[in-house]
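Please look over the structure shown below before reading on.

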Amino acid sequence: MPTPAEALHLILAAMPPLPPVSAPLADSLGLALAADVYSAATVPPFTNSAMDGYAVQAADLDAASAERPVRLRVLGDLAAGGVSYHVLHPGSALRIMTGAALPEGADAVVPVEDTTRGEDADGDWVELGRPIRRGIHIRLAGEDLQQGQLLVKAGQGLRPGDLGVLAAAGIPAVSVYPRARVAVLTTGDELVDVSEEPGPGRIRDANIHAVCAQVRACGAIPVPYARVPDDREALMHTLKLALEADVVLTTGGISVGDYDHMKAMLEELGARRAFWKVAQKPGGPLGFWRLGTKPIFGIPGNPVAAMLMVEEYVRPALRKRMGFAKLHRPVVEARLEDGWSGRVGDGRTTFLRVVAVKEGGGYCARLTGPQGSAILSSMLSANALAVIPAGVDQVAPGGPVLLRLTEEAEDH
Ligand code: AMP
Ligand code: MG
């Protein structure tokens, strides 16, 4: 039976990234770049005003004061997007808006709030009541980005800010890894849809919603299939359909129950087993197969176990498939407030659902409640998993644990 680390290693080795595609910026939020991206342009492309105000020659204002303001002749008005044919000479100014190209001869911009404008027989003038530093309120051509500069590295997921920079840098489309299409099958004669009233002995299908949501949360596309009864033919039929996806996930029927047909059906289809069962709690009977190169995860049916398995194994696998350099959640040290005790000599890694809160320089974690693998409510407030390594059978109250922070905001 592999340890969690060994199981993950086997899975990741079978998860080459999907072939990259070219995507317009509008379709690439959250996708990982397949190649480094360099700026195609200099930004800003021309020197321009950082304020609404007056372009001037700073030397004209050296002697300006509130008592003796300097009066300059206004050559004209320039809006953003316009280009001025005026050349500033001593004693002149140009009314200029934020983003408009600085006219030749200007070396500073005075904010409009610091000016008084008037008119006389010779035209418009502006008065300025204090000296100004040369270069102030001016954005120099290329001060933001240089053409050819590295902007975003391959393997990084694109964020809204990255897309803005790429657009400014003249890159309309990028080479990215596509979203993986992930077939999700839930199995079990006892399952009914959430909208149905379960009859005697039946329960609502939680996994289809939880697992599809987890798949979507890691940027992939879940493809839910009709629930499969514990029937060999029905299972075989749906499995064959599901193989059109990039990755197949099934929940339930993977254990040693009399009606657990998943293993037998996958192997009848010709899938090769990498492992079945991992030394962890909850969720031991996870299986991983490959049919040709297609990865198939057989996930246990207990909803908590199912979600943990997706978190622990499927998520990094999908991220690798989708080309992300960073596969794993952030890991932090914490104090486990409640402490914990397990079975001595158990030999399995234990995952606990916890609420982690920042405390001083570190974290404090509190169990979300009973931790049984069928206690779905233990997921409700969890924002982290505490990992208790195999061989540790006790953590004293307030003792140290490692946490995986599972809140989405932490990744990109
Ligand atoms: P299995 O892995 O099929 O043996 O199922 C283990 C336990 O999980 C049983 O109590 C099932 O009823 C339950 N279970 C299986 N699949 C689901 C599901 N999709 N939603 C909720 N509970 C499930
Ligand atoms: Mg079952």
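How many disulfides does a search of the whole structure find?

The model is a predicted one, and a search of the whole structure finds zero disulfides. C218 takes part in no disulfide, and the nearest cysteine sulfur, which belongs to C212, is 11 Å away.

C218 is buried, with a relative accessible area of 6%. C364 is likewise a buried residue, its relative accessible area being 4%.

## Domains

The protein chain is divided into four parts, of which domain 1 is made of the segments 4-17 and 178-321, while domain 2 is made of the segments 21-43 and 144-176. Domain 3 covers 48-139, and domain 4 covers 331-411. Between the C-alpha centres of domain 1 and domain 2 there is a distance of 34 Å.

## A six-stranded sheet

Six strands form an open sheet with mixed pairing, and their order across the sheet is β7-β4-β6-β5-β9-β8. At its edges are β7 (108-111) and β8 (115-120), each of which pairs on one side only. From one strand to the next, the twist averages 40 degrees.

Within this sheet, strand β5 (residues 70-78) pairs with strand β6 (residues 92-96) in the parallel sense, over four bridges. D77 stands opposite R95, a residue of β6.

## Backbone geometry

Most residues other than glycine have a negative phi, and most peptide bonds are trans. The cases below are therefore worth checking against that background.

The peptide bond from V43 to P44 is cis, with omega near -10 degrees, and P44 is found in the loop between β2 (37-38) and β3 (48-49). The peptide bond from K281 to P282 is also cis, with omega near -10 degrees; P282 lies in the loop that runs between β19 (280-281) and β20 (287-291).

Where phi is concerned, H137 has a positive value of about 60 degrees although it is not a glycine. H137 is placed in the loop between β9 (123-128) and β10 (138-139), and it is partly exposed, with a relative accessible area of 25%. K277, which is not a glycine either, has a positive phi of about 90 degrees. The loop between β18 (272-276) and β19 holds K277, and this residue is partly exposed, with a relative accessible area of 32%.

Notes: Residues are numbered from 1 along each chain as its sequence is written. Chains are lettered from A and ligands numbered from 1 in the order in which they are written. This is a predicted model: local features need pLDDT of at least 70, side-chain atom pairs count only at pLDDT 80 or more; totals for chains, interfaces and linings use all residues. Side-chain values use heavy atoms; hydrogens and water are left out. Two strands pair if DSSP finds at least two bridges between them. Helices (H or I, at least four residues) and strands (E, at least two) are DSSP runs, numbered from the N terminus. Axes are lines fitted to C-alpha atoms, for helices over the stretch in contact, and angles run from 0 to 180 degrees between N-to-C directions. Domain bounds come from an automatic or database domain assignment. A disulfide is a pair of cysteine sulfur atoms within 2.5 Å. Buried means under 20% relative accessible area, exposed over 50%, partly exposed in between (1.4 Å probe, protein chains only).
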